[in-house]
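Q: I have a model open and want to learn how to read it. Can we take it feature by feature?

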Amino acid sequence: MAFVAFGVTFGASLAYLIGRRPAWDRVACAAAEIGELFAGLVLVTGVLWARTAWNTWWTWDPRLTTMLVLWLIYAGYLLVRRSVEDEARRARLAAVLGIIGFADVPIVALSIRWWRTIHPAVFDDKGAHMEPRMLVALLISLVAFAFLFASLMVVRVHLSELRDELESLQRSVL
């Protein structure tokens, strides 16, 4: 779901740069925040799992390293959003970073095929290489996390709209 979230950030950022509509900026920001949450969870739970599976907390495996780089890119995206005060400039810079940052998503996804890695390739052109019960569990989890992502997106975008409306009201009163 982190990849999906960063894909939404990419698409909404592109739409923002084309049309300059604040709604696209709100969608891009919300998706980036949620993607960062999911990517952070991947890294944290991966570290916990690695400790029991490989008896080490971290290895500089290509999949792990590129995922960490992806997390850092979108952490930078969120820092830009918090540090630039001019709204239009902030939205433009964040959109560019959201588009450029998405380039790491396919690198992370394909890293286990491109480089020698400790992670197995579970899916390939011949199908899924896992027990049927595990595949069912994966699909159920995927659907559940997709609903979680969609729910968080709706709530986060709505909160951004309310914040913008409140700021507009505050400016009109002052």
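Q: Is Arg 81 buried or exposed?

A: First, the ground rules. This is a predicted model, where local features need pLDDT of at least 70, side-chain atom pairs count only at pLDDT 80 or more, and totals for chains, interfaces and linings use all residues. Residues are numbered from 1 along each chain as its sequence is written, and side-chain values use heavy atoms, with hydrogens and water left out. Buried means under 20% relative accessible area, exposed over 50%, and partly exposed in between (1.4 Å probe, protein chains only). Arg 81 has a relative accessible area of 10%, so Arg 81 is buried.

Q: Which helix holds Arg 81?

A: Helices are DSSP runs of H or I with at least four residues, numbered from the N terminus. Arg 81 lies in helix H3.

Q: With which side chain does the side chain of Arg 81 make a polar contact?

A: A polar contact is a pair of N or O atoms within 3.5 Å; within protein, one must be able to donate a hydrogen and the other to accept it, and residues adjacent in sequence count only if both atoms are side-chain atoms. Here the partner is the side chain of Asp 25, at 2.8 Å. Asp 25 sits in helix H2. Asp 25 is buried too, at 14% relative accessible area.

Q: What else does Arg 81 touch?

A: Contact means heavy atoms within 4.5 Å. Skipping residues up to four places away in sequence, Arg 81 touches Asp 25, Cys 29, Arg 90 and Ala 94. Asp 25, leaving aside neighbours within four places, contacts Tyr 16, Arg 81 and Ala 91.

Q: Which residues of H1 are buried?

A: An α-helix has 3.6 residues a turn, so residues three or four places apart point the same way. In H1 the buried residues are Ala 2, Ala 5, Phe 6, Thr 9, Ala 12, Ser 13, Ala 15 and Tyr 16. Their cover includes helices H2 (22–54), H3 (62–83), H4 (87–101), H5 (104–114) and H6 (132–173).

Q: How do the axes of H1 and H3 cross?

A: Axes are lines fitted to C-alpha atoms, for helices over the stretch in contact, and angles run from 0 to 180 degrees between N-to-C directions. The H1 and H3 axes come within 13 Å and cross at roughly 40 degrees. That makes H1 oblique to H3. Angles under 35 degrees count as roughly parallel, over 145 as roughly antiparallel, 65 to 115 as roughly perpendicular, and the rest as oblique. H1 contributes Ala 2, Phe 3, Phe 6 and Thr 9 to the contact, and H3 contributes Met 67, Leu 70, Tyr 74 and Tyr 77.

Definitions and conventions
Helices (H or I, at least four residues) and strands (E, at least two) are DSSP runs, numbered from the N terminus.
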